[in-house]
Amino acid sequence: MTTETIAAPRFISYVPLTDLTPAPRNPKRHELELIIASIDMHGLVEIPVVDERTQTTLHGHGRRESLLEMQARGMRTPGGIVTDEDGNWLVPILRGWSSKSDAEAEALAIKLNRLPGEGGWDPREFAEVLEDLATGDAELFDSLAIPHDEIDQMLRQVDPETLPGGIREDEPATLHLPDGGERDGLNPDDDGRDPHTSCPACGHLFTPGRR
């Protein structure tokens, strides 16, 4: 005999930002300025999740903190956020999931933060996407804020022969500095600028985002 499990429906509701209660413990740390910049550019895309049992935030503490800071700074209302008659921000939240215990809630919170990054990146496709962004929309590329050493490490994993317009086998993807000097890794005329990285697809030099 089989037992049928009926899952609670998931639904979205809007609540005052100030009513979005954080979990008692949240070990995840956040780069708030990067989150703020992303929300300001794209709007709130990934919405916070609330645990019905505890009525506290399960996932989305960084977005919650960032939105509170954006509102405190008087920044424009981001896409995805609505305002009430008093101008207060109302944030969409995903509801319908209820934990069985505090332990389950904390375990799932960790999974929701860790699992998306566990698969890593496909270096070849990542290089292609970065190249398209670097050459097609510098502002979007810069908004990725990926450290140049991280991009360089990724490019070293790419077989240039697998990329459209790939370079010769004896020209591996490397981190290229501007010509004319090596003072702190920069050209004397490039004070304050980041080193450049060449794409293995076409050799295009671009400047990765800063830390």
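Buried means under 20% relative accessible area, exposed means over 50%, and partly exposed lies in between (1.4 Å probe, protein chains only). This is a predicted model, in which local features need pLDDT of at least 70 and side-chain atom pairs count only at pLDDT 80 or more, while totals for chains, interfaces and linings use all residues. Residues are numbered from 1 along each chain as its sequence is written, and side-chain values use heavy atoms, with hydrogens and water left out.

**Exercise 1. The chain as a whole**

Task: State what share of the protein chain is buried, then give the order of its elements.

Solution. 
- Step 1. The protein chain has 211 residues, and 35% of them count as buried.
- Step 2. Helices (H or I, at least four residues) and strands (E, at least two) are DSSP runs, numbered from the N terminus. The protein chain has 6 helices and 8 strands.
- Step 3. Read from the N terminus, the order is β-α-β-β-α-β-β-α-α-α-α-β-β-β.

**Exercise 2. The two sides of H4**

Task: Which residues of H4 are buried, and which are exposed on the other side?

Solution. 
- Step 1. Helix H4 covers residues 123–136, 14 residues in total. The expected span of a helix is 1.5 Å times one less than its number of residues. From first C-alpha to last, H4 reaches 19 Å, close to the 20 Å expected.
- Step 2. Pro123, Phe126, Ala127, Leu130, Glu131 and Ala134 are the buried residues of H4. They cover an arc of only 135° around the axis, so they sit on the same side of H4. The arc is that of the directions from the helix axis to the C-beta atoms.
- Step 3. Asp132 and Gly136 are exposed on the other side of H4.

**Exercise 3. The buried face of H6**

Task: List the buried residues of H6 and say where they lie around the helix.

Solution. 
- Step 1. H6 spans residues 148–155, and its buried residues are Ile151, Asp152, Met154 and Leu155.
- Step 2. Seen down the axis, these buried residues fall within an arc of 160°, so they line one face of H6.

**Exercise 4. The aromatic pair**

Task: Find the aromatic pair and describe its geometry.

Solution. 
- Step 1. A pair of aromatic rings is described by the distance of the centres and the angle of the planes.
- Step 2. Rings of Phe, Tyr and Trp (its six-membered ring) pair if their centres lie within 6.5 Å; planes under 30 degrees apart count as stacked, over 60 as edge-to-face and the rest as tilted. This rule gives 1 aromatic pair.
- Step 3. The partners are Trp121 and Phe126, with 4.5 Å centre to centre and 10° between the planes, and the pair is stacked.
- Step 4. Trp121 is exposed, at 64% relative accessibility. Phe126 is buried, at 14% relative accessible area.

**Exercise 5. Positive phi**

Task: Where do Gln55 and Ala145 lie?

Solution. 
- Step 1. Most residues other than glycine have a negative phi.
- Step 2. Gln55 is not a glycine, yet its phi is positive, about 60°. Gln55 lies in the loop between E2 (49–51) and E3, and is partly exposed at 39% relative accessibility.
- Step 3. Ala145, also not a glycine, has a positive phi of about 55°. Ala145 lies in the loop between H5 and H6, and is buried at 15% relative accessible area.
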